[in-house]
Amino acid sequence: MNRIVGHLDLDYFYAQVEEIEAPALKETPIVVCVFSGRTEESGVVSTSNYKAREYGVRSGMPIALAKRRLNGIEAAFIPMNHGKYEAYSNRVMETLRSQVDVLEQAGIDEAFFDITKRTGGGYEAATALALELKARVFREEKLTCSIGIGPNKVVAKIASDFKKPNGLTVVRDEEAPSFLSPLPIDKIYGVGPKTTKLLEEGGIKTIGALASAPTENLEDLVGKRLAAYLHDASNSTDDEQVVDRGGFSQLSRIITLKQDSHDLDQIAGALAPALKDLHERLVSENLFFRSVSAIGILKDLSTRTRSKTLESPTNDYPVLEKEVKEMANQRSLAEFTG
Ligand code: TTP
Ligand code: CA
């Protein structure tokens, strides 16, 4: 039987929740902010609605820059309220879990699902089910989402991002090569800026070029393990299974240095209480982590983000401390200002 896999991603998620809770804001640019507290404007944009995106507001941008882009426009700058978004997310995931064979939550607003059994491997039944999922999420939560359906996780994830917001993109087995071929390589999940650069230096810019690259070339460029994944992903033969790993949480802390600093020891010292606090929360909720990210805001208000996914989940404090320190130590992140 054909395997049929889907990926669902909630549209402009945090900002959409804010819209739902304050319908009067629907036509207004909404910027969800992580305020760092140093000045009224310090901090980063978590996300924004599509109205704000029309003015060039983007996730990860300093709030001050978003304010400049929206200068003279009536806009809502709302502090991020993670607990609220998590409540919506948990309800959506619960609904989805009951409608699919297997659900794998991949983030606060996204999940893979396997629907091979209940659709009998048929794309018409899969399309009908995807429309039903979208309708149900909207009926129950007023949230719109975008869904991709395909023969594996790689195709499904790219397809959900293909038409956004409120999109549905179905890519049948036989359509996968022509769908993937013209797309840039960084559409494949797991391909970040570093891998993109390595591949582009080797003349590989599209997924089609990646699919036909000789194995030895790929291995020389990115190493054996990643080469094998990229080969399968680009040829639409990736067979990674959809696995239910239970719920998903994202815990974060933000600190502001009293003064700008390049001193890594000083920065590490300032980070320690926040990390300890984060770890206490983790343990008290009986959670494990697999993914660690650090965002630094530099003096010129530009931001740097680093992320790492560990081989296996842990709740070990020294691991958390080591990973964050390593990220902060990377040259471009070593200019944390707040
Ligand atoms: P995304 O799915 O990347 O973005 P989005 O849901 O806001 O927009 P889209 O319509 O393009 O899917 O991220 C999900 C949520 O994660 C987002 O609503 C807010 C949060 N987030 C951050 O806090 N910081 C970031 O840099 C990004 C990218 C997301
Ligand atoms: Ca989203």
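Strands β7 (residues 145-150) and β8 run parallel, joined by three bridges; two strands count as paired if DSSP finds at least two bridges between them. Strands and helices here are DSSP runs numbered from the N terminus, with a strand (E) needing at least two residues and a helix (H or I) at least four. This is a predicted model, in which local features need pLDDT of at least 70, side-chain atom pairs count only at pLDDT 80 or more, and totals for chains, interfaces and linings use all residues. Residues are numbered from 1 along each chain as its sequence is written, chains are lettered from A and ligands numbered from 1 in the order in which they are written, and side-chain values use heavy atoms, with hydrogens and water left out.

**The open sheet and its helices**

- Helix α6 (residues 123-141) lies across β1 (5-10), β6 (110-114), β7 and β8, and runs at about 165° to β7. Angles like this run from 0 to 180 degrees between N-to-C directions, and axes are lines fitted to C-alpha atoms, for helices over the stretch in contact.
- Helix α7 (residues 153-160) packs on the sheet too, touching β1, β5, β6, β7 and β8, and its direction makes about 145° with that of β7. Touching, or contact, means heavy atoms within 4.5 Å.
- What order do the five strands of the open sheet take? They go β5-β6-β1-β7-β8, with mixed pairing.
- At the edges sit β5 (102-107) and β8 (168-170), each pairing on one side only.
- On average, neighbouring strands of this sheet are turned by 15° against each other, direction ignored.

**Strands β2 and β3**

- Strand β2 (residues 30-35) and β3 run antiparallel, and five bridges join them.
- Across this pairing, C33 stands opposite V45 in β3.
- Why is strand β3 (residues 43-48) largely enclosed by the rest of the structure? Because six of its six residues are buried. Buried means under 20% relative accessible area, exposed means over 50%, and partly exposed is in between (1.4 Å probe, protein chains only).
- S46 belongs to β3, and this serine is buried with a relative accessible area of 19%.
- Leaving out residues up to four places away in sequence, S46 touches Y14, V32, C33, V34, S59 and M80.

- Y85 and R245 are 160 residues apart along the chain, and their C-alpha atoms are separated by 20 Å.
- With residues up to four places away in sequence left out, H82 touches Y14, I108 and Q250.

**Helices α11 and α12**

- The axes of α11 (residues 215-222) and α12 (residues 224-234) come within 7 Å and cross at roughly 130°.
- That makes α11 and α12 oblique to each other (under 35 degrees is roughly parallel, over 145 roughly antiparallel, 65 to 115 roughly perpendicular, and the rest oblique).
- L218, E219 and V222 in α11 meet K224, L226, A227, L230 and H231 in α12.
- By class, this contact has five nonpolar, one polar and two charged residues. Ala, Val, Leu, Ile, Met, Phe, Trp, Tyr, Cys and Pro count as nonpolar, Asp, Glu, Lys and Arg as charged, and the others, Gly among them, as polar.
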